[in-house]
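Open your viewer and get ready to select residues. We will go stop by stop.

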Amino acid sequence: MIQKTCLYDNHVKHNAKIVEFGGFLMPLEYTDITSEHLAVRNDAGVFDCSHMGEILVTGKDTLSFLNYLVTCNVKEAKAMKMTYGLLLYENGTVVDDLMVYKINDEKCMLVVNASNTDKDYEYILANKKDYDVKIENQSNDYGQLALQGPSSLSQLQKLTSYNLSELKYSYFDYIKLDGKDFIISRSGYTGSDGFEIYGSPIDIIELFEKLYNNGVQLCGLGCRDTLRFEAAMPLYGHEINDQVTPLEAGLSFGVSLEKGDFIGRDVLLKQKEQGLTKKLVGIELLERGIARGGYELYKDDEKIGEITTGYMIPNTNKVYALGYVKIEYSKIGEEISVLIRNRKVKAKIRNKKFLNKEYAR
Amino acid sequence: MFKVLENLKYSKTHEWVSVSDGVGTVGITDFAQHSLGTIVYVEGYEPGEEVSQGGECGAVESVKAASDIMAPVSGEVLEVNEEVLNNPELLNDDPYTNWILKIKLSDEDELNALLDAKDYEKEQK
């Protein structure tokens, strides 16, 4: 069944080109990807993220359960702060990546990818064991917006007396906007400063229109992908899936091997000890062409890997890609080639820092 | 509605061709450029290469996606429009003035398999 978010009618009203994504009808673009991308980098843009899943975990074993379930250390995390983590299979590959919003020691909200919400929920229930926790899929109760870009702070500040500059990166709070209740975190998936905002569907619709009327660019999934790619953030189904581990994907910052047992830990420990056989790298094209997800990578005649995502960065001539290569060809500066329409195009391995992030972590 | 020019022949895959003295000038239609969005990359087969009707003769890419250009006629590529290769957004500005390839037709009868303006207009619906 294809679902609609609470903002579907608004997307149509604002002339969005609609596509199906993760089981939802979502806006691909309202104007065009390039201008929406630039609005986020230079000013402010708002995204409908209501398709994402919210799973609430409550109860006295919340922290020990989550520490067993996900890769990050939820016990050690500060309250009212979000932490990036992954949900793994026993073999160490990825079920999904997620954000853990730690409200207190007995209440955490997991924010997961839209296309994985049902799968994650089932997986979490199946691994509940004897932990004293309650697990609720609250995805339909929440609407979510992401307000992103350097002007996000001033735009949102117009709507609240809460001093938003005090809300530091990756922290969240209960905040009133024009008298309505929201959960707001200083965070995002674009590499620019911004906020992620959770509220009731009706309040989210009102906020969306308010931001639009205040001059915030409406942004679709098209630029959401170019922005997260430029910031080298992984997307489930591309950089991560059930064929790779977080270590291969370069996501060890989201994995605490020291915190004790969690699902998939044994495999990661072994992998760390024995060394990786492949890893995710940044790639820069040295000749004309655009490298896209799924294109093969070669060293001379040997196939050494595949692109996961690639773009010409909007408004530049730079063509970058992320992709997996065999470990022996993963050194920065290594010259390789990308097979584009049966033609080998020269490329080289580079770091994944395509974007200089201009906000303080 | 998207712009369709009276005097051109069209393929169902949204290329146009205009033939004069056995040479076909080939581009993509207004419908095609609009569906793709901002075009950021164009490539065509090199002069001297043979292409066949309905087969690939180049590619056009937007930010989001790559899409093949199918040759509306068979023959030898005579020329690629370097100006368009270097300024792909010209295809968004005016896809009918900014042609992509010139092809020396090997069989003018193939033109009968293409659509005229009126039929192509129906294709877009």
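Where is A:Asn127 found? Select A:Asn127: this residue sits in the loop between α4 (117-126) and β9 (134-137) of chain A. Helices (H or I, at least four residues) and strands (E, at least two) are DSSP runs, numbered from the N terminus.

Before moving on, note that this is a predicted model, where local features need pLDDT of at least 70, side-chain atom pairs count only at pLDDT 80 or more, and totals for chains, interfaces and linings use all residues. Residues are numbered from 1 along each chain as its sequence is written, chains are lettered from A and ligands numbered from 1 in the order in which they are written, and side-chain values use heavy atoms, with hydrogens and water left out.

**Stop 1: around A:Asn127**

Is A:Asn127 buried or exposed? A:Asn127 is buried, at a relative accessible area of 12%. Buried means under 20%, exposed over 50%, and partly exposed in between (1.4 Å probe, protein chains only). Now show the neighbours. Leaving aside residues within four places in sequence, A:Asn127 is in contact (heavy atoms within 4.5 Å) with A:Phe65, A:Tyr68, A:Leu69 and A:Ile263. Next, find the backbone oxygen of A:Tyr123: the side chain of A:Asn127 reaches this oxygen at 2.8 Å.

**Stop 2: the cores**

Select A:Ile240, A:Ile283 and A:Val338. Of the 65 residues in the largest nonpolar core, these touch the most other members. Such a core is a set of buried Ala, Val, Leu, Ile, Met, Phe, Trp, Tyr and Cys residues joined through side-chain atoms within 4.5 Å. Colour strand β18 (residues 319-326) of chain A, which gives the most to this core, with six residues. Apart from this core lies another, of 25 residues, including B:Val51 and B:Leu101.

**Stop 3: where the chains meet**

Show both chains. Here 18 residues of chain A are in contact with 16 residues of chain B. The two chains bury about 1,400 Å² between them, 45% of it on carbon and sulfur atoms. Buried area is the accessible area (1.4 Å probe) that two parts lose on being put together, summed over both. Select A:Arg288, A:Arg292 and A:Arg341: in chain A they lose the most area to chain B, together 44% of what that side buries.

How many salt bridges are there between chain A and chain B? The count is five. Each is a side-chain nitrogen of Lys or Arg within 4 Å of a carboxyl oxygen of Asp or Glu. Finish on A:Arg341 and B:Glu61, which form a salt bridge with the closest N and O atoms 3.0 Å apart.

Key
Polar contact = N/O pair within 3.5 Å; in protein donor to acceptor, adjacent residues only side chain to side chain.
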